[in-house]
Amino acid sequence: MNKQVTNISARKDEHLRICLEEDVSSGVPTGFDQVHLNVQTLPEIDFDSIDLSTSIFGKKLNAPILISSMTGGSGKTKLFNQLLGKAANEFNIAMGVGSQRAALVHEGLEDTFAIARKEAPNALLFANIGVAQLNEGFEVADCQRAVEMLEADALIIHLNALQEALQPEGNRNFSHLLRKIKTITSKLPVPVIAKEVGCGINQQTAQWLVEAGVRGIDVAGVGGTSWAAVEMYRQTDPVRKTLCQTYIGWGIPTVQALRGLEGLPENILRISSGGLRNGLDVTKSIALGADLAGFARKLILAANDGYEKLKETIELIILELKVAMFLTGATNLESLRSKLEKEPANTKEIDI
Ligand SMILES: Cc1cc2nc3c(=O)[nH]c(=O)nc-3n(C[C@H](O)[C@H](O)[C@H](O)COP(=O)(O)O)c2cc1C
């Protein structure tokens, strides 16, 4: 294995270890506590008839939940992709794998990602590369390989300017990337989604990305995992440590970033993520216009405790979502969209 690959794999393992062992939360509120749903004291619906299903890029999901992009690229992370893939299959929810860069520069690592598809033959799966790689020589053919490795339904390009700025080995050349994204979206046969990694996507950038042909935006806002915190734990140099610490709360809180997507065309997939805690945050996300709600660190922590814990965690998120839908009188995800408290009280006439 060449030196570059060994370094990438070692870094992936280190990121994972830090996320499992240290407190890497930003400590910034996501904004969900300030979002209020329209309580319907007498819901007038049957709990058992609530439909959580949705269709995305031609695939039907049982619930609007995404296991956010995290792992792959080393032996240890393969085990996590296996567990997460098994859960995506069992619950018929969406899943993304972590950056496939290591496998694109070394063939022996492909199965650390492909295992997710093996476990979840029919699930909605997202491939993943970093936008900075487009300035390191990655081209459409590399994106195509990432998609094929996973038989992915879409490619996520993650935007991680803060992380690259803080990592000593980071790629800080972020010039001319929109043009390169446009080339990828115009040539790749599957949709491209742009995603942050915990700092949020601002309204202007979202607009630019859509103009460049991106079909989905995952805001991945501030409020949950902070990559500045993760990088802080990796640094030994005190100056670098302080630099990371300064940026732990950097970015746009998840709810604010989600609201920034309101003016985008309706057919753009909106993903709410970054610090989501439970199914109530999922419900609020959908009411705010999201199509999918993603969880990263919460699920890797659960998976670290074994498959049963992961299953229990996802079951609870789904149950929390269903209870919130019941209490707002929403029989399906579409009807949730009118359930924000700012809406006038439901005045629909009911036969009694
Ligand atoms: C262990 C770990 C590895 C991650 N690796 C990636 C990655 O390779 N690509 C990516 O797009 N996001 C990556 N992320 C970021 C997550 O997908 C997500 O955007 C971020 O953690 C915020 O979500 P959370 O607050 O629910 O953790 C990673 C997150 C974790 C915890």
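A: One definition first: helices (H or I, at least four residues) and strands (E, at least two) are DSSP runs, numbered from the N terminus. Please also note that this is a predicted model.

Q: Thanks. Where is Glu 44, then?
A: Glu 44 lies in the loop that runs between helix H1 (3-21) and strand E1 (54-56). Its phi is positive, about 60°, although the residue is not a glycine.

Q: Is Glu 44 buried or exposed, and why?
A: Glu 44 counts as exposed because it has 11 C-beta neighbours inside 10 Å, and a residue is exposed with 12 or fewer.

Q: And what about the phi of His 176?
A: His 176 likewise is not a glycine and has a positive phi of about 60°. This residue sits in the loop between helix H6 (161-166) and helix H7 (177-187). His 176 is exposed, since 10 other C-beta atoms lie within 10 Å.

Q: Changing topic: which strands close into the barrel, and in what order?
A: Eight strands form the barrel, in the order E3-E4-E5-E6-E7-E8-E9-E10, and their pairing is parallel. On average, neighbouring strands of this sheet are turned by 25° against each other, direction ignored.

Q: How many bridges join E5 to E6?
A: Five bridges join strand E5 (residues 125-130) to strand E6 (residues 154-158), and the two run parallel. As one of the pairs, Ala 127 has Leu 155 in E6 as its bridge partner.

Q: What holds paired strands together in general?
A: Strands of a sheet pair through backbone hydrogen bonds.

Q: Now the ligand. How many residues surround it, and which are the closest?
A: The ligand is surrounded by 26 residues, and the closest are Gly 98, His 158, Gly 224, Thr 225 and Ala 296. At least two residues of this shell come from each of H1, E6 and helix H13 (297-304). By class, the shell has 10 nonpolar, 13 polar and three charged residues.

Q: You mentioned H13. At what angle does it pack with H14?
A: H13 and helix H14 (residues 307-328) pack at an angle of about 145°, and their axes are 6 Å apart.

Q: Which residues meet there?
A: From H13, Lys 298, Leu 299, Ala 302 and Ala 303 meet Lys 309, Leu 310 and Thr 313 of H14. The contact of H13 with H14 comprises four nonpolar, one polar and two charged residues.

Methods:
Residues numbered from 1 in each chain as written. Predicted model: local features only at pLDDT ≥ 70, side-chain atom pairs only at ≥ 80, totals over all residues. Pairing = 2+ DSSP bridges. Axes fitted to C-alpha atoms, helices over the stretch in contact; angles between N-to-C directions. Buried ≥ 20, exposed ≤ 12 C-beta atoms within 10 Å, placed from the backbone. Near = placed C-beta within 6 Å. Nonpolar A, V, L, I, M, F, W, Y, C, P; charged D, E, K, R; others polar. Contact = placed C-beta atoms within 7 Å.
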